[in-house]
Amino acid sequence: MSVRVLLVDDQPLLLQGFAMILSVEDDLEVVGQVTDGEKAAAAVARLQPDVVLMDVQMPVLDGIEATRRIVAGHPDVRVLILTTFDRDDYLFAALEAGASGFLLKNSDPDDLVDAVRAVAEGHALLAPEVTRRVIARMTRAGEAPAEHGPSPTDTVPLPDLTQREREMLELVARGLSNGEIAAQAYVTEATVKTHISNILAKLGVRDRVQAVIAAYEAGLVSPGG
């Protein structure tokens with residue numbers, strides 16, 4: 001079945017451009033285009049998209065607050081933030097609102113297509129450098145780590161994870177892609193995906209971003225470690 005995509009941007013030319021890029025893909029279907037966050041929230045209820053491609057700066061209701069409303073009311077809908085601004089305040093506000101991905105508007109069209117597919121499959125879309133920024137932000141916001149950092153035996157509560165799953169989560173938290181994890185762990189990408197799905201389910205989180213934060217809070221990884 002096609003991935004149903006709702007486009008949200010206050011610039012009509014950009015909406016048309018995104019629609020053209022996505023509509024030529026056999027597995028993607030643009031089901032609607034709206035120009036502000038309030039219309040986006042209403043359109044999600046009406047059109048039931050799988051993925052919302054969301055701008056940040058818009059009139060009436062901005063993309064961050066629209067994302068918060070959509071995720072709260074429709075937890076199965078994935079929101080991919082698309083913006084011209086590579087700013088940490090937008091990034092973290094979007095993640096805190098429940099967005100599953102963050103992409104810049106100067107990305108290649110192929111990257112946009114891949115991002116929509118990845119988010120639709122339940123993956124969080126964050127480049128490794130962005131993952132590191134998330135961990136750094138968590139470091140500044142939380143308590144200072146112990147002098148030598150936590151050891152694998154005394155990390156706080158990831159008791160339901162197997163040792164292999166803990167290893168996989170650590171690699172995810174260090175910003176590795178599924179392919180990189182597979183190469184490092186000497187397993188297939190399909191195996192990696194299975195492990196990650198199990199990890200998300202056991203941690204009770206919706207995507208890799210929240211899993212990274214859980215890994216940091218549990219002391220499984222430390223900044224620069």
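The UniProt annotation "modified residue: 4-aspartylphosphate", from an unreviewed entry, covers Asp 55. Such annotations may be inferred rather than shown by experiment. The model is predicted, so local features need pLDDT of at least 70 and side-chain atom pairs count only at pLDDT 80 or more, while totals for chains, interfaces and linings use all residues. Residues are numbered from 1 along each chain as its sequence is written, and side-chain values use heavy atoms, with hydrogens and water left out.

Asp 55 sits in the loop between strand E3 (51-54) and helix H3 (63-73). Helices (at least four residues) and strands (at least two) are DSSP runs, numbered from the N terminus. Asp 55 is buried, at a relative accessible area of 5%; buried means under 20% (1.4 Å probe, protein chains only). Beyond neighbours within four places in sequence, Asp 55 is in contact with residues including Asp 9, Thr 83 and Lys 105. Contact means heavy atoms within 4.5 Å.

Asp 9 lies in another stretch: the loop between strand E1 (3-8) and helix H1 (12-23). Asp 9 counts as buried because its relative accessibility is 1%. Its side chain reaches the backbone nitrogen of Gln 11 at 2.9 Å. The Asp 9 side chain also makes a polar contact with the side chain of Lys 105, at 2.8 Å. A polar contact is a pair of N or O atoms within 3.5 Å; within protein, one must be able to donate a hydrogen and the other to accept it, and residues adjacent in sequence count only if both atoms are side-chain atoms.

Technical notes:
Buried means under 20% relative accessible area, exposed over 50%, partly exposed in between (1.4 Å probe, protein chains only).
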